[in-house]
Amino acid sequence: MDKYFINRRSVRNFTDRPVESSLLNEILTAAAKAPTCGNMQLYSVIVTRSPQRKAELAKQHFSQPATNAPVILTICADFNRFTRWCQLNNADAGFDNLESFISATADAIILAQQITTIAEQEGLGTCYLGTVTYNAPEIAGILNLPELVVPVACLALGWPDGPGIETERLPLEAFVHEETYRNDSDQEIISLFKSKEQYPANIQFVKENNKDNLAQVFAEIRYPRAMNEAFSQKLKDYLQSAGFLK
Ligand SMILES: Cc1cc2nc3c(=O)[nH]c(=O)nc-3n(C[C@H](O)[C@H](O)[C@H](O)COP(=O)(O)O)c2cc1C
């Protein structure tokens with residue numbers, strides 16, 4: 001792997017080669033050394049290998065190509081285990097709230113990224129599936145998740161079939177602010193996105209979607225308002241029923 005993973009890419013096509021349990025367990029053991037809130041390890045990882053359960057999950061991820069991976073990891077914000085341990089020890093567990101959900105989500109996502117980094121170091125390919133929060137209640141049903149366990153990240157994992165597609169990034173000055181936040185002028189915002197707009201794959205993207213520009217593709221096709229609002233409401237209702245918004 002190159003220095004600082006500067007050439008890393010998400011992988012969405014995988015060979016049939018299985019990911020051995022021993023290797024996966026080694027990766028998960030190492031990944032658990034990632035920082036975690038108060039060292040409480042507020043996460044659980046559900047490993048799905050069964051073709052039938054993978055097919056059920058794939059449906060909830062809108063049959064995205066990466067769901068063909070040999071392993072699907074659903075990484076959950078989990079305050080259930082810790083709460084039960086507290087209750088069994090006569091400790092007042094006040095973790096059924098938004099603050100606790102955010103802490104557990106941070107833990108779960110940091111773990112997910114550590115798994116990604118270590119797996120990629122091993123030559124495995126990974127791809128996040130952001131659809132995990134769109135259909136979180138359905139996924140929770142498939143995986144038998146109890147109260148205070150909410151899926152917040154999902155990784156497709158396997159041996160890469162091909163190198164993945166190179167993507168662009170905004171320049172450093174777009175996201176680094178010295179000392180205090182630099183509120184960019186309209187002109188500066190336009191200029192920060194220039195190279196992204198000129199990236200050949202993105203020019204193609206605009207053309208294919210019949211839009212005037214890349215911003216419209218993102219805001220109106222990929223992540224449209226109505227979809228964001230509908231999935232937000234669904235997620236709020238689910239968090240309530242999962243016991244996190246008391
Ligand atoms: C939170 C999150 C959600 C993502 N969701 C998806 C997804 O649903 N499907 C997919 O193919 N890629 C998904 N990705 C991968 C991104 O599309 C990818 O990281 C980005 O386009 C940059 O490409 P690269 O990782 O190859 O550099 C997701 C990444 C993140 C961090």
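Predicted model: local features only at pLDDT ≥ 70, side-chain atom pairs only at ≥ 80, totals over all residues.

Mentor: Residues are numbered from 1 along each chain as its sequence is written. The two partners are helix α1, residues 21-31, and helix α4, residues 98-121, where a helix is a DSSP run of H or I with at least four residues, numbered from the N terminus. Their axes, which are lines fitted to C-alpha atoms over the stretch in contact, lie 9 Å apart and meet at an angle of about 130 degrees, on a scale that runs from 0 to 180 degrees between N-to-C directions. That angle makes α1 oblique to α4, because angles under 35 degrees count as roughly parallel, over 145 as roughly antiparallel, 65 to 115 as roughly perpendicular and the rest as oblique. The crossing of α1 and α4 is right-handed, meaning that the near helix is turned clockwise from the far one by less than a right angle. On the α1 side the contact is made by Ile-27, Leu-28, Ala-30 and Ala-31, which meet Leu-111, Gln-114, Ile-115, Ile-118 and Ala-119 of α4, contact being counted when C-beta atoms, placed from the backbone, lie within 7 Å. Sorted by class, this contact of α1 with α4 holds eight nonpolar residues, one polar residue and no charged ones, with Ala, Val, Leu, Ile, Met, Phe, Trp, Tyr, Cys and Pro taken as nonpolar, Asp, Glu, Lys and Arg as charged, and the others, Gly among them, as polar.

Methods: Helix = DSSP H or I, 4+ residues; strand = E, 2+ residues; numbered from the N terminus. Contact = placed C-beta atoms within 7 Å.
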